[in-house]
Amino acid sequence: MCQCLVLSCSDFIMADSIMSKAATMEIPINSNGDTGTLPEDDSLEQDLQQVMVSGPNLNETSIVSGGYGGPAGGIIPTSTIKDIRMKSRGVNLPNSQSAANRLAQHTNQHPGSSNHNTSTEEFSRGVAVEKLDSVKKWGINTYKCTKQMFSERFGRGSRTVDLELEAQIDVLRETKNKYENILRLATALINHFQSMVETQQALGDTFTDLSQKSPELQDEFGYNAETQKLLCKNGEALLGAINFFVSSVNTLVNKTMEDTLMTIKQYENARLEFDAYRSDLEELSLGPRDAAAMVRIEMAQHEYQIHRDKYERLRSDVTIKLKFLEENKVKVMHKQLLLFHNAISAYFAGNQQQLEQTLIQFNVKLKPPGSDKPSWLEEQ
């Protein structure tokens, strides 16, 4: 790559003539070897001034990168090269500042902004570290519990068992399944009986209409219409009692029992974690007893104690909830089974008075006819 200063041809010719003229001048020498004073040449001085005035500005000359006749895009201003050389020598340019100086000036002018940015970065870093630590603990705990679970299934590991509590939990799950079956059957009974009551209502309306249009059978149609209306009224009372029964049993099964089963699930998870850390501690205790191993044993002992306390606390909670659940179940079912029995007996015995007294006794409120149907606004 050839590089040259781009100068005009006239400038080169003028400079060459001046240099040749200066070279041909005679320099007188004294006898002692000293140079004598040169006579002043006005023409030479005028030529030099003309070169300085009309010659190229060195600050604006350019260096052509590439061969001769190359594209103009390869021209690099010499002022840029000058700046680069001065910076490489450690000389600061008058119109430029280093990034460190600008940052220092910004910090001096806005100290509060710098402190705020620092505190924000520290807070973000702390949150990230906390999340990373949480994910790390979760991964270790999941690995230990999964290992313990497979060990128990394949008969390689031991598990902590509370025989009395496990028996109560099994009874609760079996009871819940049976009560759910009662709910399904009672709901089916409501649906079928509701259809029968609606049929009796329609049949009573038909008898009433025919009694008005058939004078010869007016009395007979009238008796049957009154009977169907009475049966329909008693059927609605029985439906109210059965709905109250189903609602109470549903609350017992899907809220009270379900809450206890959620606590039991937490207890079982705590038991699995406790056995996992217990097995880990036992394995470390059987290993070497060097300094690093002792540190790991102390950490495992600490984790074991934490999960042991959690396991015992949840076991106590399950025991208490099972006790209160049993008492509540007996109390609720005693009332609801008595209601169901009295209502069914009074209805099929045709004892309307006893049926009404049963509803009053158990504080069962009947819904007005047509309340279950959507309003005209909801149908739109």
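This text walks through the predicted model, from the overall fold to helix packing and then to salt bridges.

The model is predicted: local features need pLDDT of at least 70, side-chain atom pairs count only at pLDDT 80 or more, and totals for chains, interfaces and linings use all residues. Residues are numbered from 1 along each chain as its sequence is written, and side-chain values use heavy atoms, with hydrogens and water left out.

Start with the chain as a whole. Its secondary structure comes to 10 helices and 2 strands. Helices (H or I, at least four residues) and strands (E, at least two) are DSSP runs, numbered from the N terminus. Along the sequence the pattern reads α-α-β-β-α-α-α-α-α-α-α-α. Of the 380 residues, 25% count as buried. Here buried means under 20% relative accessible area, exposed means over 50%, and partly exposed lies in between (1.4 Å probe, protein chains only).

Next, the packing of the helices. Two packed helices are described by the angle between their axes and the distance between the axes. The axes are lines fitted to C-alpha atoms, for helices over the stretch in contact, and angles run from 0 to 180 degrees between N-to-C directions. Angles under 35 degrees count as roughly parallel, over 145 as roughly antiparallel, 65 to 115 as roughly perpendicular and the rest as oblique. A crossing is left-handed if the near helix is turned anticlockwise from the far one by less than a right angle, and right-handed if clockwise.

Take helix 6 and helix 7. They pack at an angle of about 160 degrees, with their axes 7 Å apart. That makes helix 6 roughly antiparallel to helix 7. Residues of this contact divide into 30 nonpolar, 17 polar and 8 charged. In this count Ala, Val, Leu, Ile, Met, Phe, Trp, Tyr, Cys and Pro are nonpolar, Asp, Glu, Lys and Arg are charged, and the others, Gly among them, are polar. The crossing of helix 6 and helix 7 is left-handed.

Move on to helix 7 (residues 218-285) and helix 8 (residues 291-348). Their axes come within 7 Å and cross at roughly 165 degrees. Helix 7 and helix 8 are therefore roughly antiparallel to each other. The contact of helix 7 with helix 8 has 31 nonpolar, 12 polar and 12 charged residues. This crossing, too, is described as left-handed.

Then comes helix 9 (residues 352-361). The axes of helix 8 and helix 9 come within 8 Å and cross at roughly 160 degrees. That makes helix 8 roughly antiparallel to helix 9. The crossing of helix 8 and helix 9 is left-handed.

An unreviewed UniProt entry places a "coiled-coil region" at residues 297-328. UniProt positions are given in the numbering used here, feature names are shortened, and annotations may be inferred rather than shown by experiment. In the model, residues 297-328 are 100% helix and 0% strand. The end C-alpha atoms of that stretch are 46 Å apart.

Now the charged side chains. The structure holds 17 salt bridges, each a side-chain nitrogen of Lys or Arg within 4 Å of a carboxyl oxygen of Asp or Glu.

One of them joins Arg 271 and Glu 152, at 2.7 Å from N to O. Arg 271 lies in helix 7 and Glu 152 in helix 5 (residues 111-153), so the pair ties together parts that are 119 residues apart in sequence. Both Arg 271 and Glu 152 are buried.

Another joins Arg 173 to Glu 268, with the closest N and O atoms 3.0 Å apart. Arg 173 sits in helix 6 (residues 163-213) and Glu 268 in helix 7, 95 residues apart, and the pair links distant parts of the chain. Arg 173 is partly exposed, with a relative accessible area of 34%. Glu 268 is partly exposed as well, at 28% relative accessibility.

Lys 176 and Glu 180 meet in a salt bridge of 2.5 Å, N to O. Both lie in helix 6, 4 residues apart, about one turn of the helix. Lys 176 counts as buried at 10% relative accessibility, whereas Glu 180 counts as partly exposed at 22%. Elsewhere, salt bridges that share partners join Glu 152, Arg 271, Asp 275, Arg 278 and Glu 282 into one network.

Finally, look at Lys 233, which lies in helix 7. At 48% relative accessibility, Lys 233 counts as partly exposed.
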